[in-house]
Amino acid sequence: MKPWRRCAAMLLIAGAGLAACRLGGAAPLQPLLVQLSAQAQAGDLLFRQGTEAISQLVRSVDADDFSHVGLLVAPATPAGLWRVVHATPSEKPGQPDAVVLDTLDFYLHPQRAHSYQLYRVAASATARQQAVDWALAQQGRAFDLLDAERGLYCTTLVWQAWHHAGVALEARFTEVLLPFLGGRYLLPGGLRRAPQVQALTPVLPVVPALPVVPVLPAP
């Protein structure tokens, strides 16, 4: 993606955490991930509000709470980790702007997210697995706002994944008038207001785990 296109892209659709994401890995986030995983299913939509000024710009264009979305991927084993497949500008050193697969704690790390909300698409277990499988098959495909043949961005990855699973999400596209980036785009608010999508949680804050302080015996 050309430099000016990438700059414009970051003003519109969410990576929302690019510099912060380069600070390091993701520490476990204590009970919130356990609670989220307990009610989650493969193919659920996980929206997040990013931590950077870019996120504020995205939300101001969209007039919505969130700036990014991904699809939940269930663990392969009972002891495995929930993961999120999403289309994003690079969030790790050396990673391209592309469709990637991250652990849930990385996706919702406080460096990258202020808050989140989980949504469910009304569909069969077969359809939700088909949506996940299609999204996973896109890993490595470019993050691209301007060329739908070449790449995807966060909301179109989710929208197309469910379309390939036979579920047509009636999402609202928004006409955007920005230099070098005019056109109709699917913003996070337009996706989460689709009638086939229902919120499973309220908007929840991301709270980092507190360090464990050892209790010393009394002298």
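A residue counts as buried when its relative accessible area is under 20%. G43, at 0%, is therefore buried. The structure described here is a predicted model. The chain has eight helices and 11 strands, and 52% of its 219 residues count as buried. Of the contacts between residues at least 6 apart in sequence, 71% join residues at least 24 apart.

**G43 and its surroundings**

- G43 is located in the loop that runs between helix 3 (31–39) and strand 1 (45–50).
- Beyond residues up to four places away in sequence, G43 touches L71, L72, R128, V132 and W162.
- Of these contacts of G43, R128 belongs to the helix 6 side of the packing between helix 6 and helix 7, and W162 to the helix 7 side.
- G43 and R120 are separated by 77 residues in sequence, while their C-alpha atoms are 7.7 Å apart in space.

**Packing of helix 6 and helix 7**

- Helix 6 spans residues 125–137 and helix 7 spans residues 154–164; the two pack at an angle of about 130°, and their axes are 8 Å apart.
- On the helix 6 side, the residues in contact are A127, R128, A131, W134 and A135; on the helix 7 side, they are L157, Q160, A161, W162 and H164.
- Sorted by class, this contact comprises seven nonpolar, two polar and one charged residues.
- Buried residues of helix 7 are C154, T155, T156, L157, V158, A161 and W162; among them, L157, A161 and W162 also take part in the contact with helix 6.
- Just after helix 7, G166 adopts a positive phi of about 90°.

**A87 in strand 3**

- A87 is part of strand 3, which covers residues 83–88.
- The relative accessible area of A87 is 0%, so this residue is buried.
- Apart from neighbours within four places in sequence, A87 is in contact with H68, A98, V99, F143, L152, Y153, C154 and L157.
- Two of these partners, C154 and L157, are buried residues of helix 7.
- A87 and V100 lie 13 residues apart along the chain, with 6.2 Å between their C-alpha atoms.

- L145 is found in the loop between strand 6 (142–143) and strand 7 (151–152).
- L145 has a relative accessible area of 7% and is therefore buried.
- The C-alpha atoms of L145 and T156 are 9.4 Å apart, and the two residues are 11 apart along the chain. T156 is itself one of the buried residues of helix 7.

- With a relative accessible area of 6%, T201 is buried.
- Not counting residues up to four places away in sequence, T201 touches Q39, Q117 and L118.
- For L118, the backbone nitrogen lies 3.1 Å from a polar atom of the T201 side chain.
- Q39, another residue that T201 touches, falls within the range given for helix 3 (31–39).

Methods:
Residues are numbered from 1 along each chain as its sequence is written. This is a predicted model: local features need pLDDT of at least 70, side-chain atom pairs count only at pLDDT 80 or more; totals for chains, interfaces and linings use all residues. Side-chain values use heavy atoms; hydrogens and water are left out. Buried means under 20% relative accessible area, exposed over 50%, partly exposed in between (1.4 Å probe, protein chains only). A polar contact is a pair of N or O atoms within 3.5 Å; within protein, one must be able to donate a hydrogen and the other to accept it, and residues adjacent in sequence count only if both atoms are side-chain atoms. Contact means heavy atoms within 4.5 Å. Axes are lines fitted to C-alpha atoms, for helices over the stretch in contact, and angles run from 0 to 180 degrees between N-to-C directions. Helices (H or I, at least four residues) and strands (E, at least two) are DSSP runs, numbered from the N terminus. Ala, Val, Leu, Ile, Met, Phe, Trp, Tyr, Cys and Pro count as nonpolar, Asp, Glu, Lys and Arg as charged, and the others, Gly among them, as polar.
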